[in-house]
Structure formats: C-alpha cells, structure tokens
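Subject: Structure handover

Hello,

The structure we spoke about is below. My notes on it follow.

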Amino acid sequence: MKHRAVLVLAGLSCALAVAIALTVAAAGSAGTAEPSSPAAVKPPPVLGANAIKAKYGGQSITFVGDAAVGNSHVRDQNLVAQFSKQTGIKVKLVPHPSSGTDAYQQLARNFSSHSSSIDVMMLDVIWPGAFAPYLVNLKPALGQQAKLHAAGIVLNDTVNGKLVAMPWFGDFGILYYRKDLLKKYGYSSPPTTWAQLGAMSKKIQDGEKASNPNFYGFVYQGNSYEGLTCDSLEWLASSGGGQFIDGGKVTINNPKAAAILNLQRSWVGNIVPQAVTTYQEEDARNAFDSGNAAFMRNWPYAYSASKGTPVDGKFGVTTLPHSGKSPSVGTVGGWQLGISKYSKHVGAATEFVRWMTGPAVERYDAIFNSNVPTIPAVATIPAVVKTNPYLIPSIAKVTRVTRPARYLGTHYAQGSQAIYQGINQILNGKSAQSVLPGIATQLNQLVKK
Amino acid sequence: MTETVVAEHKTKVQPRPVSWRRAARKSPAWRAVKRIAFYLLVAAIFVYALFPFYWVIRSAFTPESDLFITPIKWIPQHPTLQNFRYVLETKDFQEALINSTIVALSVTVIALTLGAFASYALGRIKFRGRSLLMYLMLSMTIFPQIAILGALYTMITNFHVYNSLKALILTYMILVIPLTVWVLTSFMRALPRDLEEAAYVDGASPFQTFWRVILPLVAPALVTTGMLAFIASWNEFLFALSFTETPDKHTVPVAITSFTTGRGGTFQYPWGEVMAATLIVTVPLIALTLILQRRIVAGLTAGAVKG
Amino acid sequence: MTTAEATARPRRSRRRRRSGLQRKQTRLAWLLVAPALLIVAFVAFYPLGRTVYQSFTNEQFLALEPTKWVGLDNYHRLIHDTAFRHAVWVTVKFTLITVSFEFVLGLIIALVVNSSFKGRGVMRAVMLVPWAIPTVVSAQMWRWMYDQIFGPINDAGVRLHILSHNVAWIADPSTALWAVCAVDIWKTAPFVALLLLAGLQVIPHDLYEAADVDGASKLSQFWRITLPLLKPAILVALIFRTLDALRVFDIFYVFFGSRPDTQTMSILAQNTIVTTGDVGYGAAISVAIFLIVGLFVVIYTTFLRVQEQ
C-alpha cells in the first residue's frame with residue numbers, strides 16, 4: 001500500500017514534468033497569445049525623435065500600462081520598445097492589476113505616499129476627477145493636440161480648468177441585435193426607441209421560448225457595480241432624464257428618469273432575465289453569444305469577442321435606442337494617460353504622452369488591438385473601420401455622455417455606488433419614485449464636499 | 001498509564017443487560033443493511049465533494065468557444081488540451097507555481113516549528129498568563145484583512161521588502177501562526193498528564209521529552225495542521241496581490257486572476273484557462289494528501305503502543 | 001522520585017522545591033512561546049494599533065486636509081447606522097447557518113473516514129478537494145454553477161424534474177442567502193472534518209474495546225466517549241470557523257458585489273475604506289467586527305469549558 005502511493009506520486013510528477021518540458025521547449029517560439037489582428041501593423045515613428053533624444057535622451061520613466069497578459073500587453077510592449085529605441089528615453093513598462101479597484105488602489109497608494117516611482121499611468125475615464133490634485137496640468141504642452149480628440153472626453157479630463165489627462169482610447173455603449181431573428185419576425189430594421197425595443201423583444205421572445213425556454217429578449221449589465229452606472233446613464237440621457245448631475249446640480253430625481261427606470265423594472269423577469277441584476281459584461285455577452293438573447297447592450301469589445309460563437313455572422317450593431325426628442329447616446333468607457341506631479345522626468349514623460357495620444361499611435365491601437373480611438377478623424381480611416389465595423393459613421397457619431405466624475409472628484413466611487421446600488425434595487429422590484437430621492441440626497445451631500 | 005485512563009472512563013459507561021436488541025443487531029441481515037447504508041453514505045460524500053470538481057475537469061478540457069453554449073454539454077464534445085498548453089506556456093504561471101511553493105512551504109515550516117514549541121508550553125505547562133496569551137494570539141488574527149492592509153503596506157515599503165516573497169512570508173504569519181498554535185495546543189492538552197513525569201523518571205531532559213515522547217504522539221495533529229497551513233498560504237489572495245507589483249513575484253491565485261484570452265478585451269474572463277490552472281494546482285495537493293494520509297495513521301499507532 | 005519519598009520529606013522544603021520547579025517551568029514556557037508570539041506581535045502590532053487609532057480619527061483615503069482626532073464620533077455614528085446593523089444581521093445569520101451545517105457535515109465525514117473500509121485512503125484525499133480549490137476560483141466557479149442560463153445546477157435540476165424551470169439563485173433575494181451558505185458549507189466542511197478527524201484519531205481504541213466488553217451500544221459510546229474527548233477539537237473548529245464566517249468577504253463579493261441587502265460586515269468595511277474612502281469610519285467598523293467575534297469566542301469557551309485532564 002505504501003508503495004502504491006509512492007508510485008502514484010511518481011507517476012503524477014513524471015506527467016507534470018513531461019508536460020512542462022514539452023511546453024517550455026515550445027515556449028521559446030510561442031510566446032504569449034497571437035494578436036487577433038494583422039501583425040503587419042507596426043508602431044509608427046516618433047515625430048521629432050532626434051530633438052527629443054537631444055533633450056531627454058538617457059532618462060528613464062516608468063509607465064503603468066494595461067494588464068499583464070494578453071494582446072493589450074503586447075501592444076504596450078511594442079509601443080514602449082519603439083519609443084525607447086527612437087528617442088533614447090528608457091521606458092519601463094509595469095502592468096496594472098486586472099481589477100479596476102485594485103488598479104485604482106495601486107495608484108492611490110502611490111500618490112498618497114508622494115512616490116516618484118511612477119511617471120506616466122493609464123487612468124480610467126472616471127479617475128481624473130479623483131486624482132486631479134496629483135496630476136500635471138497638460139494644457140500648456142498638449143492643449144493644442146487635445147483639440148483633435150472628442151470634446152466630451154476632453155471635458156471629462158479637464159478639472160478646475162486643468163487638463164489633467166489626455167484621452168487615449170474610448171469605448172462607448174452600443175446595441176447588438178440578431179439580424180436573423182429580426183428578419184424571422186418581420187422587422188426590417190433594429191429598434192430606434194425604447195418602446196420599440198420592448199415590443200420587438202416581447203414578440204421575438206414569445207416566438208423563441210417554445211423551442212428554447214432560456215431565451216430572453218434583452219440583456220445588459222445590471223449588477224450592483226460600476227457597469228450599471230454606465231448602462232443607466234444611457235437610459236436616462238436618451239430619454240430626457242438628465243445625466244445624474246448636470247452643470248453641477250444633482251438632477252437624478254426627475255419624472256422622466258423615474259419613467260424610464262420603471263420601464264426597465266417592468267421588463268426584468270419578463271423580457272429580461274431576472275439574473276440580469278447579477279450580470280456584468282461577460283454574462284450579458286455569453287447570453288447573447290450562445291443565442292439566448294435577441295438584443296444586448298455592451299461595449300465594442302464584444303464584437304470581436306463574438307467571433308466563432310454560435311451567433312457569428314448573425315448579429316449587427318447600432319446605436320442604443322432613445323425616447324422622444326432626446327438623442328441616442330453611448331456612455332464613454334476607456335482610458336486616458338496622465339503624468340504624476342511627483343515624477344522627476346516630466347519633460348520626457350510629456351513627450352511620451354504626446355506620441356501615445358497622437359493620431360498615428362491611435363491608428364495603430366485601433367488596428368492592432370481593436371481599441372476605439374478618441375480622435376474622431378482616426379475613426380474614419382478605412383483600415384480602422386475594417387477592423388472595427390462599429391465605427392461606421394452612423395454609430396461613431398453617436399452622442400457620447402460621461403459619468404459625473406468631474407463633479408464628484410475623490411467622492412466619485414461613493415457617488416457611483418449610491419447610483420448603482422439604488423438602481424439595482426429598482427431593477428429588483430422597488431419603484432423608482434421610492435429610491436431616487438434617496439440617491440439624490442446622497443449625491444447632494446457628496447457634491448458639496 | 002493507559003490503564004488508569006481506561007479505568008477513569010470505564011466508570012462513566014454503564015453496562016447493559018443482554019437483550020433481544022443486541023441479538024438482533026448481530027444478525028447478518030442487519031449487518032448487511034448497515035453495510036449498504038454505510039457505503040451509500042460514502043458514495044454521497046464522494047459525490048458531494050467532487051461534483052463541482054467534475055465541472056472543473058469538464059471545463060478544463062473544453063475549448064473556450066464551447067464553454068457557454070446551450071444546451072449544456074456535460075461531456076465535452078471536442079475535448080482539447082489547448083487550455084493546459086496556454087497555462088503551462090505562460091511564463092507568469094510557471095513562476096507563480098514556484099513562488100507559491102516557496103512561500104507556502106516556508107510559512108508552513110516556520111509556523112509548525114514555532115507553533116509546536118508554543119503549543120507545548122501553552123498546552124502542558126501551567127503558568128500564569130497562559131489563557132491570556134492564547135486569546136492575545138487569536139485576537140491578532142481577527143481583524144478583517146482590508147483594515148490592516150494599508151498599514152501593512154506602509155510597513156512593507158519601509159522595510160524595503162515590497163514586491164518580494166519575503167513580504168508575503170512575513171505577513172502570512174499573522175494568518176497562520178494563531179491557527180497552528182491553537183490547533184496544536186488543543187492536541188497537546190489532550191495527551192495524558194503523566195507523560196512527562198514518566199519520562200523524567202526515566203531520566204529524560206525536557207527537550208528529549210519533547211522530541212521523543214510528545215512530538216511523535218501529536219504527529220497526526222502536526223500533519224493536519226501542516227496541511228491546513230499550507231493550503232491557507234497557497235490560496236491567500238489579498239496580501240499577495242497588494243504586496244507584489246511585477247508578474248515575476250506573483251503567486252498562483254494572483255496569476256490566475258490575471259489571465260486574459262489575448263483578444264484585447266479587459267472584460268473577458270478566460271474560464272477554460274482558469275479551470276485548467278485550477279486542475280494543475282489542485283491535483284498535486286490531492287496527491288500530496290494521498291501520500292501523507294498514511295502518515296496520520298502511522299503516527300497514531302506508534303503512540304498507542306508506547307503506552 | 002516516588003510519591004512515597006516525597007511525602008516523607010518535611011512540607012516546607014517540598015513547597016520550596018515545587019515552587020523552584022514551577023519557576024523553572026514557567027521560564028521554559030515563556031521561552032517556548034516567545035518566538036511565535038514575537039513574530040505575530042511584530043507583524044500585527046503596528047497595523048492593529050493603527051487601525052484602532054484610525055477609528056478615533058476622521059482619516060480619509062486620498063485626503064488633502066490633515067486628519068483630526070474625533071474621539072468616539074465614529075462609534076456613535078456606527079451605533080445609529082442602519083446599514084451596519086443590517087450587515088451584522090446578515091453576517092450573523094450566515095454564520096449561524098453555515099457553522100451549524102458545517103459542523104454536522106464535518107462530523108459525519110470525519111466519523112465515516114475514521115472507520116476502516118476499502119477506499120478509506122482515497123476518501124481522505126477526496127474529502128479535501130473542496131478546501132483545496134483556490135478561493136479565487138471557487139467563488140467564480142460557483143457563480144457559474146448557479147447561473148440562470150448556463151448553470152449545471154439548473155440544468156441538472158430541470159433534467160431530473162426537481163425544478164420546473166431555471167431559477168436565478170443569486171439574483172432572487174429569497175434564495176440568495178441560502179445559495180451562498182451552500183457554497184461556504186461545501187467549501188469548508190472539509191476543514192472541520194479534518195480537525196475532527198485528527199481529534200478522533202487520538203482517542204485510544206482501548207476505550208471503545210472496554211465499552212464493547214461492558215455491552216455499551218454504539219450510540220452510547222459516541223455520546224459518552226467520543227464527544228467528550230472530541231471537545232478540544234470541536235472548540236478549535238468552532239472558533240476558527242466562526243471567526244472566518246463572521247469575516248466572510250470573497251464569496252459574497254463575487255456573488256453580489258455591493259448589493260445593499262446582502263452586505264456583510266467585511267464588505268461594508270471594505271466599501272467604506274476603499275469606495276467611500278472613509279478610513280476612520282472603516283476602522284471603527286473593523287474594531288466592531290473584532291468585538292463581535294470576541295463575543296462569540298467568549299461564548300464558546302464558556303459553554304465548552306475544556307478542563308485539564
């Protein structure tokens with residue numbers, strides 16, 4: 001008996017050793033994942049590289065970039081290598097933690113300890129307000145270049161007159177729909193109003209449920225987390241309900257907002273699965289990609305992620321619906337680049353940011369990594385649209401709305417939590433009129449601080 | 001010595017008159033029923049412990065694109081080794097395996113050694129402040145990790161051990177030592193009183209008593225506590241994430257959460273690879289237990305014979 | 001020396017010798033405890049001290065103004081905080097449910113594995129599987145298992161005609177808490193089982209043999225021999241399980257995020273410190289958690305007083 005156990009262990013270790021040996025042998029050539037887009041795209045040259053080299057060559061800066069594994073990381077590595085090679089500025093790439101909260105905390109700890117170990121960092125679109133006191137004002141050096149970028153995002157990155165971050169790439173919410181199901185049930189085009197979305201969902205779901213009891217009309221991100229703030233902002237802003245805080249005033253408690261929220265509440269458990277109150281991006285995508293939903297609200301990433309799934313080739317994208325006279329909108333998600341005011345190499349860092357947020361690198365990002373450019377002109381380049389079909393003008397021109405991070409500053413996370421906790425409760429059955437006043441009170445207290 | 005223990009307990013058990021119940025109990029039919037019921041229970045426990053693990057295995061061998069399709073396939077239609085290949089090829093994961101092993105082994109060895117000494121004192125020597133010490137040690141582990149995270153981070157950076165395995169080994173002490181001390185103390189206490197006196201009579205020094213008499217008797221507890229300490233260090237996440245910065249210092253839980261499917265999506269959760277990694281990480285632990293579980297029995301029989 | 005010789009000596013010198021031995025033993029005891037105590041104290045002292053200190057201040061996470069001492073303000077606020085009271089209730093409910101089920105299940109598993117039968121060795125390894133799966137994976141995996149569309153639990157339930165349709169176990173407030181309890185029980189019953197098993201194995205076999213000879217039934221043996229001798233292991237298992245249950249975080253966070261109706265004390269503390277950035281108040285919550293856990297420990301040790309043999 002004793003021997004048997006030893007044999008088992010020996011066998012297992014052999015198997016594991018062989019596996020590791022084989023893969024390590026192959027590892028040299030394999031590397032990490034292959035890029036999903038044409039590897040023919042190369043990082044663009046740095047304009048004025050020689051002048052930069054003369055001024056800042058030999059300095060070292062640290063750049064906190066995208067998460068450690070995957071194509072985004074490869075993109076970062078390629079860009080950093082190109083910049084270092086051309087300008088002689090050594091850029092050290094440090095990937096940030098994959099969870100948003102952890103990445104935020106890493107930066108927060110760095111700033112509150114006044115550390116100079118980070119020079120340039122990726123900032124989520126909702127962080128400039130919180131980190132503004134610790135970031136360099138980029139307006140003097142990059143204000144001209146900022147004019148190239150989408151106005152809404154630049155406004156988001158301007159806190160108290162200071163441009164504290166430059167937009168780098170920016171998602172926005174879009175509506176995915178099943179072309180084949182629309183055709184099957186006699187609809188010639190996707191819905192343009194929320195009411196139409198509801199009606200179409202009901203008809204399609206009633207028809208499909210017979211053969212697929214798990215089919216639902218509409219899925220989105222309804223969990224009690226930041227994503228719900230994004231989704232609900234779209235509902236409100238596209239129905240005349242405001243944008244939570246408008247012009248510094250808390251406006252969330254208004255009748256149109258209540259109306260659209262109550263409409264969404266009525267759908268949960270009917271044309272929207274009850275589990276939607278636990279759904280994040282991937283849950284909604286899995287439901288849609290497996291053929292169990294007719295409509296989905298999600299970020300552009302889901303477009304290429306849906307390749308190879310059962311709905312590949314059967315779906316299309318369009319802007320989200322609206323109600324009445326309000327326009328269709330998409331909430332901005334995405335990343336900016338900022339420079340720490342404790343950095344010892346602000347000049348070199350500024351040149352790095354200038355290059356990274358210029359049209360050439362945004363084009364590279366869009367083609368290599370399917371990142372949505374924040375410079376509208378780049379979004380019209382044919383090669384970019386080819387890789388990112390949701391950038392056709394009718395969708396790319398949608399009104400972008402941003403979450404009220406500028407008004408809440410360091411209290412944004414708390415304010416957003418008040419919003420998404422409250423709206424999650426509405427989706428779970430409470431009436432909007434009973435919840436909105438509470439959210440408004442909390443937001444009012446935070447805006448004052 | 002065992003006779004005195006047995007004698008003490010004998011008085012607590014009342015003798016019963018032989019009855020028809022006992023006769024019935026001895027019948028072969030009843031014994032067969034009991035046996036079937038017992039094995040049913042064993043099977044139930046087996047299923048209970050393993051059915052989610054079956055889901056892990058099934059998913060690890062399923063290609064990424066087949067994971068979220070309906071209707072659900074309980075057996076993969078196109079089994080693949082792709083997920084394992086990806087995981088094992090990732091340099092980060094290989095390093096993470098090594099890091100986790102180093103940290104978990106170090107913590108276990110240190111915690112067991114210090115715990116054994118401390119528990120010997122706390123369990124077998126009567127001295128003032130004994131209970132207070134026990135509760136003091138326990139109280140240091142009660143605070144929620146998030147509350148002490150910030151302060152620990154400051155300490156770690158001040159000692160210049162940020163982004164190193166030393167930081168993890170150090171901070172895991174708060175989590176693991178109170179556990180080892182408490183578990184081992186309760187087992188030390190459970191041993192009969194007169195063991196030391198018998199040893200002293202034979203002329204043994206305190207250390208020899210500890211090493212040759214007491215320690216072998218609590219061997220099962222040492223193995224158990226060692227396993228618990230190892231698994232606790234192996235699975236710890238929050239400190240491992242907060243006190244390391246670069247991927248080459250990641251431990252397994254952190255490495256698992258930083259997988260992506262390489263398609264540029266920050267939202268995508270690579271279930272296939274996570275499941276494969278879970279298998280790779282759990283199977284050796286199980287194998288280790290299969291080996292060690294003989295040690296538990298061996299330690300016990302040795303002790304009983306010594307009497 | 002034998003008791004006979006000892007009683008022959010005069011009482012005074014016996015007391016002196018005993019106190020001399022006692023002093024030596026006490027010194028030895030402190031020497032043995034010192035390393036463990038020092039390491040834990042060294043690592044824990046500053047963080048714990050700082051947390052307690054912070055609870056008396058109004059410190060913020062990314063503060064621009066200096067921190068002020070506010071005395072008992074945070075605690076005053078805590079007592080009137082309905083969110084905190086609800087969190088305590090959720091956590092205590094969770095703790096009571098999971099610890100009792102884990103204890104019963106753990107005991108059953110330990111008893112089964114303790115008996116000799118074929119495959120017992122494999123069983124001892126298998127029973128550890130739930131505990132060995134990394135926590136970061138476990139919670140996510142169970143979220144998948146409970147999924148309304150893709151979850152195998154719904155699938156199996158509907159196929160076996162136990163369920164009429166797929167249930168949203170996590171979203172539905174009426175099933176949410178039980179879903180989460182089931183996962184925790186599954187995961188940590190092995191921990192309890194392992195501790196109780198080790199406890200079972202140090203009970204000498206001769207006790208059972210003697211009881212058999214005396215004609216005691218198996219049930220009576222269990223009640224009068226096993227349980228009392230298992231008390232130390234039970235106490236340790238209960239204390240540590242309760243400790244962990246009262247501080248539960250991961251599984252609730254992965255399942256529910258920051259849904260207000262399922263917030264546990266630790267999630268509330270985390271939210272307060274990280275999301276709200278109110279470090280002082282979060283520290284006060286942590287101290288409150290500490291006191292509540294301490295209360296449970298005191299209750300256990302009083303009711304399960306473990307005497308010296």
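Helix α1 (residues 2-30) of chain A has the lowest confidence in the chain, with a mean of 45, while helix α11 (residues 255-267) of chain A has the highest, at 96. Helices here are DSSP runs of H or I, at least four residues, numbered from the N terminus. Chain A as a whole has a mean pLDDT of 87, with 91% of its residues at 70 or more.

This is a predicted model, in which local features need pLDDT of at least 70 and side-chain atom pairs count only at pLDDT 80 or more, while totals for chains, interfaces and linings use all residues. Residues are numbered from 1 along each chain as its sequence is written, chains are lettered from A and ligands numbered from 1 in the order in which they are written, and side-chain values use heavy atoms, without hydrogens and water.

Between chain B and chain C, 106 residues of chain B touch 98 residues of chain C. The buried area (accessible area, 1.4 Å probe, that two parts lose on being put together, summed over both) is about 9800 Å², and carbon and sulfur atoms give 79% of that. B:Tyr48, B:Ile142 and B:Phe143 supply 7% of what chain B buries against chain C, more than any other three residues. Helix α3 (residues 28-60) of chain B gives the most to that side, with 16 residues.

Regards

Key. Contact = heavy atoms within 4.5 Å. Helix = DSSP H or I, 4+ residues; strand = E, 2+ residues; numbered from the N terminus. pLDDT = per-residue confidence, 0-100.
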